[in-house]
Amino acid sequence: MRNLRCLAALLVLLLAMPTVAQETTSSIQGTVTDQTGAALPGVSVEALNTRGQRFTATTDSSGTYRFPALPPGTYTITATLAGMAAAPVRNYELTLGMAPRIDLRMRLAALTEAVTVTAEAPIVDVTRSAVTTSVTRQQIETLPR
């Protein structure tokens, strides 16, 4: 009977203890906007750590991206979209259990314009030769009749 009481007390004690979950990852989330503050959907966002691990996400219709499970470390977070300049955040130290919000702002990329001029060479007949001259109206009028 005594053993049963000890076992019951131990069980109550174990159930009363808070459970401790061990986290092994962190997360990052944020919004990608343009220089006016408008959300940019469809942006490719990359998180690259110093160990060479690459994680990618794409922004949704409200410009939000999320990396739900990243190992702790130092990261470079970069957003890329055609026609926009990349918006990197470098050397961001992500520690265990962190869930920071990293908003990225992109600006229009410098536009470059190239003009290509093409022309066809005039057709020259290299098989025949001829000598030509031009006669003016005055020369025609001075001819004998």
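Of the 145 residues in the protein chain, 23% count as buried, where buried means under 20% relative accessible area, exposed means over 50%, and partly exposed lies in between (1.4 Å probe, protein chains only). This is a predicted model, in which local features need pLDDT of at least 70 and side-chain atom pairs count only at pLDDT 80 or more, while totals for chains, interfaces and linings use all residues. Residues are numbered from 1 along each chain as its sequence is written, and side-chain values use heavy atoms, leaving out hydrogens and water.

**The chain as a whole**

- The protein chain holds two helices and nine strands; helices (H or I, at least four residues) and strands (E, at least two) are DSSP runs, numbered from the N terminus.
- Take the contacts in the protein chain between residues at least 6 apart in sequence: 54% of them join residues at least 24 apart, with contact meaning heavy atoms within 4.5 Å.

**The four-stranded sheet**

- Strands of a sheet pair through backbone hydrogen bonds, either parallel or antiparallel.
- Here, four strands make an open sheet with antiparallel pairing, in the order β3-β2-β5-β7; two strands pair if DSSP finds at least two bridges between them.
- At the edges stand β3 (54-58) and β7 (89-94), each with a single partner strand, so one side of each has no neighbour in the sheet.
- From one strand to the next, the twist averages 25°; axes are lines fitted to C-alpha atoms (for helices over the stretch in contact), and angles run from 0 to 180 degrees between N-to-C directions.
- Inside this sheet, six bridges join β2 (residues 44-49) to β5 (residues 73-80) in the antiparallel sense, and L48 has T76 in β5 as its bridge partner.

**The three-stranded sheet**

- Another open sheet has three strands in the order β4-β1-β8, and its pairing is mixed.
- Its edge strands are β4 and β8, each of which pairs on one side only.
- Strand β1 (residues 26-33) has seven of its eight residues buried, so it is largely enclosed by the rest of the structure.
- On the antiparallel side, β1 pairs with β4 (residues 64-70) over five bridges; I28 stands opposite F67 in β4, and S26 has L70 in β4 as its bridge partner.
- On the parallel side, two bridges join β1 to β8 (residues 104-105), where V32 stands opposite L104.

**Aromatic pairs**

- A pair of aromatic rings is described by the distance of the centres and the angle of the planes.
- The count comes to two aromatic pairs: rings of Phe, Tyr and Trp (its six-membered ring) pair if their centres lie within 6.5 Å, and planes under 30 degrees apart count as stacked, over 60 as edge-to-face and the rest as tilted.
- F55 and Y75 form a tilted pair, with 6.5 Å from centre to centre and 50° between the planes.
- This pair links distant parts of the chain, since F55 is in strand β3 and Y75 is in strand β5, 20 residues apart.
- F55 is partly exposed, because its relative accessible area is 21%, whereas Y75 is buried at 1% relative accessibility.
- Y65 and F67 form an edge-to-face pair, 5.8 Å from centre to centre with 65° between the planes.
- Both partners are buried: Y65 has 1% relative accessibility, and F67 has 3%.

**Meet T59**

- T59 sits in the loop between β3 and β4, and with 5% relative accessibility it counts as buried.
- A polar atom of the T59 side chain lies 2.8 Å from the backbone oxygen of L40, and the T59 side chain also reaches the backbone nitrogen of V43 at 2.8 Å.
- Neighbours within four places in sequence aside, T59 is in contact with V32, L40, P41, G42, V43, V45, T64 and Y65.

Technical notes
Polar contact = N/O pair within 3.5 Å; in protein donor to acceptor, adjacent residues only side chain to side chain.
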